[in-house]
Amino acid sequence: MPDKIFSLVAKELKRQKEMIGLIPSENTVSPAVSKVLSSCLSNKYSEGYALRRYYEGNQIIDEIELLAIERIKKLFGVPYVNVQPYSGSPANWAIYFSLMQPGDTLMGLKLSMGGHLTHGHPDVTASGRFYNSVQYGVKKDARIDFAEVEQLAKKHKPKVIVAGNTAYPFELDFKKFRAIADKVGAWLVADISHITGLVIAGEHMSPVPYADVIMTTTHKTFRGPRGAMILVTQRGLDRDPDLGKRMNAAIIPGTQGGPHNATTAGIAIAAAEASTAKFRAYGKQIRKNATALATELLQQDIDLVGGGTETHLMVIDLTKFGIGLGTQVAFALDVAGIYANRNTIPTEQGSPFYPSGLRLGTPLVTSRGMKEKEMKQIAKWIALVAKHVSEQQLPTDRKERAVFLKKFRKNALKDPVLKNIRKEVKMMTAKFPLFQL
Ligand SMILES: *Cc1c(COP(=O)(O)O)cnc(C)c1O
């Protein structure tokens, strides 16, 4: 009898194939990346770095890691790369560990305004508790308030300023961040996890000329395995010739043990795939699709945070339908075959569990080969669902809300409007295979 896990994997594959995935941090890997992830490379321990390992038997692993590093260096034009971080969160932690002492000041974008938990979110995260976290925000137009960034930087003298985004729909102006970092002598860390593919495709300003250190996950728009990498720029090395070595030491022994070698190999393959004209065309199509999706949503009278997008993602503002509707709209969309995630908006009047926003992105649907025509149809479905379910208003009382939500979910599963969209979604997705490469 095969393990039950395999039937669950088959179910998950069916779910992914039949649904439209709009979570901007998700993507689909190529068959080559998928293959190497399940290879014998998982069997090997390789603590340390190539040619300086603590374990024997790493001759081949060394070649794999060196090849991954060479490809990434070339792809981004940077002098120093570490491909060993387990994922984006530990990579950020390692960078902070190397550049700061506990209690030093860290500046990042507020979570509710599009930043990441690891950018110093107070109280509940390690980055917010071990460092003196100062958070900047966005203006009324939902764009980063650089006057505030500068004023906070001058007042608090951060050691590290992080420029990065997870739910911020506009281009990050690394040049402006650099000018502010220089005024107060801070390190500028660019966390481009979400936008790496766009940077490679020339669809987003590159942080390479401006940042000292760059972190990116490898599984988002980069379309590689789940992991992360730390890049040190020439600018960073000019400031401290040991910066690369410091990053290596921050990964091991600083914060990690042995690297995940199958992931390293997957990163090397994804780097080769990302070096092609085909990938650049992919990055451009992500942007075109995002614009098409945003344009049609606006056309359908759906509000977007900041009024649109300059990247792969956008955040719907559901406030005009009612405060805190993100949870029920996201659930109803999932029933209708479209999965996205609820999100806070900069002017949030709800709560993190009942936020008023919905975050959407186009990397995964673009990997499947969908174009503007499909985006237009998807926007129409989303608008229909949002309008349909907001007829049932979320109660303001906390206890009543929980009861309401339970009932809402039960009813949504049988809702003919949602069921009908799901059928149409299934017909559309059948035309776009999950593994397109
Ligand atoms: C996804 C993301 C991370 C964290 O990556 P994980 O792999 O989920 O740990 C960090 N920073 C940003 C900006 C991200 O988008």
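**Ground rules.** The model is predicted, so I kept to its limits: local features need pLDDT of at least 70, side-chain atom pairs count only at pLDDT 80 or more, and totals for chains, interfaces and linings use all residues. Residues are numbered from 1 along each chain as its sequence is written, and side-chain values use heavy atoms, with hydrogens and water left out.

**Strand β9.** I looked up β9, residues 213–217. Helices (H or I, at least four residues) and strands (E, at least two) are DSSP runs, numbered from the N terminus. I asked how many of the residues of β9 are buried. The count is 5 of 5. Buried means under 20% relative accessible area, exposed over 50%, and partly exposed in between, with a 1.4 Å probe and protein chains only.

Next I checked directions. In a regular strand the side chains alternate between the two faces of the sheet. V213, M215 and T217 point one way from β9, and I214 and T216 the other way.

Then I looked for partners. Strands pair if DSSP finds at least two bridges between them. β8 (residues 187–191) pairs with β9 in the parallel sense, over 3 bridges. D191 has M215 as its bridge partner in β9. β10 (residues 228–232) runs antiparallel to β9, joined by 5 bridges. There, M215 stands opposite I230.

I then read off distances to ligand oxygen atoms. An N or O atom in the side chain of S87 is 2.4 Å from one. For a polar side-chain atom of K220 the value is 2.7 Å. A polar backbone atom of G88 is at 3.0 Å. The ligand taken alone exposes 380 Å², and the protein buries 87% of that. These areas come from the Shrake-Rupley method with a 1.4 Å probe.

**H119.** Where is H119? I found H119 in the loop between β5 (105–109) and α5 (126–129). H119 counts as buried because its relative accessible area is 1%. Its side chain makes a polar contact with the side chain of D191, at 2.8 Å. Within protein, such a contact is a pair of N or O atoms within 3.5 Å, one able to donate a hydrogen and the other to accept it; residues adjacent in sequence count only if both atoms are side-chain atoms.
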